[in-house]
Amino acid sequence: MPLAEPHDDHLPQEDPVARDGAVSDPHTSDDPADSGANPTIEPEPTLPEPVRQRIVALTAAVLPSLPADEVPVPLRRVAKFAPNRRARLGAPAIAAQLTADPLFRQRVTARVLADAGDLGAAVVEGTAPAAADPVEVAALAYLVRPRGWRELIDASGAAVRAEADSAVVAELVREAEQRATRAEHDRAVARVEADKLRDELARVREELGQLREESRQLARTLRETQARERKASELLATERGRAARASADVDAELRRARARLAEAEAAAGVARASAKEARSVDDARLWLLLETIGQAAVGLRRELALDPVDKLPADFVADAFAEQPGSAPAGPAARARDTDDPARLDQLLALPRAHLVVDGYNVTKRGFGEMSLEQQRKRLITGLGGIAAQTGDEVTVVFDGAERMHGLPPAPRGVRVLFSRKGETADELIRRLVRAEPAGRPVVVVSSDREVADGVRRHGAYPLGADSLLRRLARS
């Protein structure tokens with residue numbers, strides 16, 4: 001392709017030998033008869049792409065070696081590019097300057113010829129060595145432009161095209177060989193696949209025969225199953241008839257049972273009426289007995305001149321529990337109950353004027369021993385306050401201690417908190433509390449200590465294990 005449109009014959013010519021050794025344009029000396037006359041304008045030749053690229057590469061290589069004032073303004077920035085970018089990015093500008101500026105082309109030609117050696121000299125003479133690269137010859141011919149330079153470019157173009165055609169033919173041959181190789185490989189693969197398909201067909205035929213045999217067996221099994229199903233349907237119809245008859249019998253029996261139930265309910269109503277009348281008579285007798293006992297108790301209190309008291313027996317023990325116990329048991333041991341049933345606690349607390357005595361640390365260490373002693377006491381006393389509020393019973397909790405603990409929260413209403421003094425244990429204090437109660441009053445002692453349980457049982461109290469109270473507190 002042409003580097004640019006204008007031809008250098010329209011531009012003023014320099015001396016054949018430039019000031020820096022550049023070769024003058026050969027067109028000015030191709031024909032002596034053209035001196036002083038306008039030569040015929042000839043268009044730039046169409047350059048093969050390899051030739052054009054080689055011309056640009058030669059020019060880009062010599063750009064940095066030219067003085068700055070000899071480099072055209074459009075190419076001064078290109079001359080500063082890196083070598084690998086100069087020919088690639090500056091190709092359009094270089095081609096335009098080579099076509100439009102003969103002086104610049106002569107200066108480039110001088111540098112290129114200095115590096116070309118014998119090949120450059122041969123091109124200047126208008127000849128091309130047979131062994132020379134046609135692209136290199138065409139590029140030098142375009143720059144030097146000796147006599148017959150267009151023919152050299154055409155010959156080089158033909159050689160380049162021939163090489164390209166040869167390369168294309170070689171590529172086609174190589175592709176044909178590759179296709180032939182692939183075709184042979186595909187044929188081999190096809191033969192292998194055909195063998196596999198034949199084996200698969202034989203296997204499928206064998207499986208088909210097996211499936212046919214299985215189908216015949218399934219058909220025979222289906223016929224047998226259908227025959228059994230018909231027999232089962234007949235049996236089902238027979239059983240349904242029997243079931244219908246049995247259902248009718250059951251309905252009749254149910255009607256008879258309902259009639260008997262109605263008769264029994266009528267008889268029960270009569271019995272309930274009779275029992276209610278009898279209970280009314282018993283209630284009247286019981287009321288009269290209780291009224292007589294109450295009047296007798298009032299008369300006895302008036303006869304004995306007994307005044308109301310502000311203290312309970314346990315209060316006297318609390319006031320003087322430091323004294324040494326020496327008195328005998330106040331009541332017989334017949335009122336003690338040997339039981340550790342946790343459900344018994346609720347029954348005992350339901351008795352009138354019951355007194356609950358709790359071995360404090362024995363319960364807390366068994367139920368929540370991971371807490372500090374202060375937290376154990378607080379938790380137990382709070383729970384006992386709930387029981388006292390629910391039942392209205394008297395509640396006393398006893399702790400071991402030489403003196404009263406500091407920081408103890410106020411006891412809830414209905415709960416008495418006692419600490420044993422120095423030289424006395426909580427077990428002894430509990431036994432004194434039990435002995436102080438009058439005979440006949442229910443006293444419940446909660447402790448898992450067997451010695452405590454045995455001691456209070458002898459004095460008529462009801463000993464229960466600590467677990468019964470813990471479960472009662474958890475339920476609350």
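Figure 1. Of the 476 residues in the protein chain, 33% are buried (under 20% relative accessible area, with exposed over 50% and partly exposed in between; 1.4 Å probe, protein chains only). The secondary structure comprises 15 helices and five strands (DSSP runs numbered from the N terminus: H or I of at least four residues for helices, E of at least two for strands). Among contacts (heavy atoms within 4.5 Å) with a separation of 6 or more, 67% are accounted for by residues 24 or more positions apart. Residues are numbered from 1 along each chain as its sequence is written, and side-chain values use heavy atoms, with hydrogens and water left out. In this predicted model, local features need pLDDT of at least 70 and side-chain atom pairs count only at pLDDT 80 or more, whereas totals for chains, interfaces and linings use all residues.

**Figure 2. The largest nonpolar core.** This core has 33 residues, and I55, L63 and I94 have the most contacts inside it (a nonpolar core is a set of buried Ala, Val, Leu, Ile, Met, Phe, Trp, Tyr and Cys residues joined through side-chain atoms within 4.5 Å). Two or more residues each come from α1 (49-62), α2 (73-79), α4 (91-100), α5 (102-116), α7 (134-144) and α8 (149-304). The most are given by α7, with eight residues. Another core, of 27 residues, lies apart from the largest one and includes L349, F419, V444 and L473.

**Figure 3. Helix α4 and its cover.** The buried residues of α4 are A91, I94, A95, Q97, L98 and T99. Their cover includes α1, α2, α3 (83-89), α5 and α7.

**Figure 4. Packing of helices α11 and α12.** The axes of α11 (residues 360-368) and α12 (residues 373-391) come within 10 Å and cross at roughly 105 degrees (lines fitted to C-alpha atoms over the stretch in contact, with angles from 0 to 180 degrees between N-to-C directions). The two helices are therefore roughly perpendicular to each other (65 to 115 degrees). G360, Y361, V363, T364, K365 and F368 of α11 meet L373, Q376, R377, R379 and L380 of α12 in this contact.

**Figure 5. Surroundings of E394.** E394 lies in strand β2 (residues 394-399) and counts as buried because its relative accessibility is 9%. Its side chain makes a polar contact of 2.7 Å with that of R441 (a pair of N or O atoms within 3.5 Å; within protein, one must be able to donate a hydrogen and the other to accept it, and residues adjacent in sequence count only if both atoms are side-chain atoms). Beyond its neighbours within four places in sequence, E394 is also in contact with residues including L312, A314, H355 and R416.

Note on methods:
Parallel < 35°, antiparallel > 145°, perpendicular 65-115°, else oblique.
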